[in-house]
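User: I've got this two-chain model open and would like to go through how it is put together. Can you take some questions?

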Amino acid sequence: MKFVKRRANAESGIPTESMADIVFILLLFFMVTTTLRKVDVIVHFTLPKAKAIEKIENKRLIDYIWIGRSGRIQINDSIVKMNQIEPIIYRKRQELHNVIISLRIDVNTKMGEVTDVQQELRKADALRINYSANVKL
Amino acid sequence: MIRKRSITEANIPSSSMADIAFLLLLFFLVATVINVDTGIGLTLPRYVKNIKNVKVPKNRMAALLINASGEVLLDNQPISMFQIKNVLKKRIESKIDLPNDKKLIVSVKTDRKTKYNTYVQALDQIKQAYFETRDEYSNAHYGKIYKNLPLDEQKIVKSKIPIIISLAEPESVKK
């Protein structure tokens with residue numbers, strides 16, 4: 001069997017005038033979807049919902065502590081143990097004396113663990129905290 | 001049955017491209033939430049080694065106890081989570097004109113097995129009680145809600161209705 005090559009007679013060419021627009025869209029898409037995040041969150045968590053919520057305007061002041069569903073604690077990029085919290089936070093407080101520690105804690109965490117973390121924070125003298133929560137509508 | 005098609009020059013209409021790009025831009029502008037951290041702010045008490053017990057007159061205290069299954073006691077009276085706000089509001093209001101050392105102290109105490117969510121809900125109720133009292137007070141005195149007041153007036157309202165929340169440690173922490 002023979003294959004007959006069939007070619008279209010039409011002039012084939014990619015329209016280049018719209019290329020700029022396409023590039024523009026792509027640029028926009030990536031600009032929008034990129035979140036400027038410093039750390040990867042390893043732990044899984046669901047934040048509680050609350051009504052009496054305040055915004056923290058000054059993002060520079062915030063440092064996060066995550067406590068995940070499995071009870072693991074994350075600061076910066078790594079999972080830490082309870083007794084490691086104090087030195088880490090203390091160092092942070094030395095760099096930035098009015099640091100706000102935002103606690104992003106899973107809804108099902110037991111208060112015992114939360115209190116233990118708070119005790120460590122008190123020892124590190126980082127007293128301004130924020131229980132991170134989403135807006136309840 | 002194959003009909004021969006006359007082959008026309010293929011081109012993509014490019015005049016509407018700008019519109020499409022513009023629509024996309026609008027869509028993403030509207031849909032993006034710039035991630036702002038929201039939550040309930042608190043200031044922890046300073047760490048001290050030897051805890052001194054300070055006696056506080058009973059009528060100044062609103063003691064909130066939450067047990068492991070999420071039941072709430074307010075001054076030894078069982079109360080549902082959603083009533084906390086209204087009960088506290090009345091007590092805060094009654095102390096607006098008192099001097100600073102006689103304002104209400106809300107103390108929150110949980111069990112070690114209480115769920116974090118329950119605790120946040122309770123805190124939320126307390127904060128709401130305070131915020132609503134502040135709003136009503138500013139509305140009555142300045143005709144605006146607290147948020148819209150100028151800073152110096154906000155300060156006055158703040159000093160009239162300070163938020164004092166005491167976080168009691170769960171029993172087992174004290175040892």
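User: Which residue of β1(B) stands opposite A:E54?

Analyst: First, the bookkeeping: residues are numbered from 1 along each chain as its sequence is written, while chains are lettered from A and ligands numbered from 1 in the order in which they are written. This is a predicted model, where local features need pLDDT of at least 70, side-chain atom pairs count only at pLDDT 80 or more, and totals for chains, interfaces and linings use all residues. Strands (E, at least two residues) and helices (H or I, at least four) are DSSP runs numbered from the N terminus, and two strands pair if DSSP finds at least two bridges between them. β2(A) and β1(B), residues 38–43 of chain B, run antiparallel with 2 bridges, and the residue facing A:E54 is B:G39.

User: How many bridges join β7(A) to β1(B)?

Analyst: These two strands also run antiparallel. One place to look is A:N130, which sits opposite B:G41. The bridges joining β7(A) to β1(B) number 5.

User: Which element gives the most to the side of chain A that touches chain B?

Analyst: In total, 47 residues of chain A are in contact with 44 residues of chain B (C-beta atoms, placed from the backbone, within 7 Å). α1 (19–33), β2, β6, α3, β7 and β8 (134–135) of chain A each give two or more residues to that side. The top contributor, with 9 residues, is α3(A).

User: How are α3(B) and α4(B) set relative to each other, and why?

Analyst: α3(B), residues 116–142, and α4(B), residues 151–160, have axes 10 Å apart and pack at an angle of about 125 degrees. The crossing is right-handed, where right-handed means the near helix is turned clockwise from the far one by less than a right angle, and left-handed means anticlockwise. Angles under 35 degrees count as roughly parallel, over 145 as roughly antiparallel, 65 to 115 as roughly perpendicular and the rest as oblique. The two helices are therefore oblique.

User: Which residues of α4(B) make that contact?

Analyst: From α3(B), the contact uses B:R134, B:Y137, B:S138 and B:Y142. On the other helix, the residues are B:E153, B:V157 and B:K160.

User: How close do the axes of α2(B) and α3(B) come?

Analyst: α2(B), residues 84–93, crosses α3(B) at roughly 40 degrees, and that makes α2(B) oblique to α3(B). The crossing is right-handed. Their axes come within 8 Å.

User: How many bridges pair β2(B) with β5(B)?

Analyst: Both belong to an open sheet of 5 strands with mixed pairing, ordered β4-β3-β2-β5-β6 in chain B. β4 (77–79) and β6 (165–167) stand at its edges with a single partner strand each, so one side of each is left without a neighbour in the sheet. β2(B), residues 61–66, and β5(B), residues 105–110, pair in the parallel sense, and the partner of B:M61 is B:I105. The bridges number 6.

Key: Two residues are in contact if their C-beta atoms, placed from the backbone, lie within 7 Å. Axes are lines fitted to C-alpha atoms, for helices over the stretch in contact, and angles run from 0 to 180 degrees between N-to-C directions.
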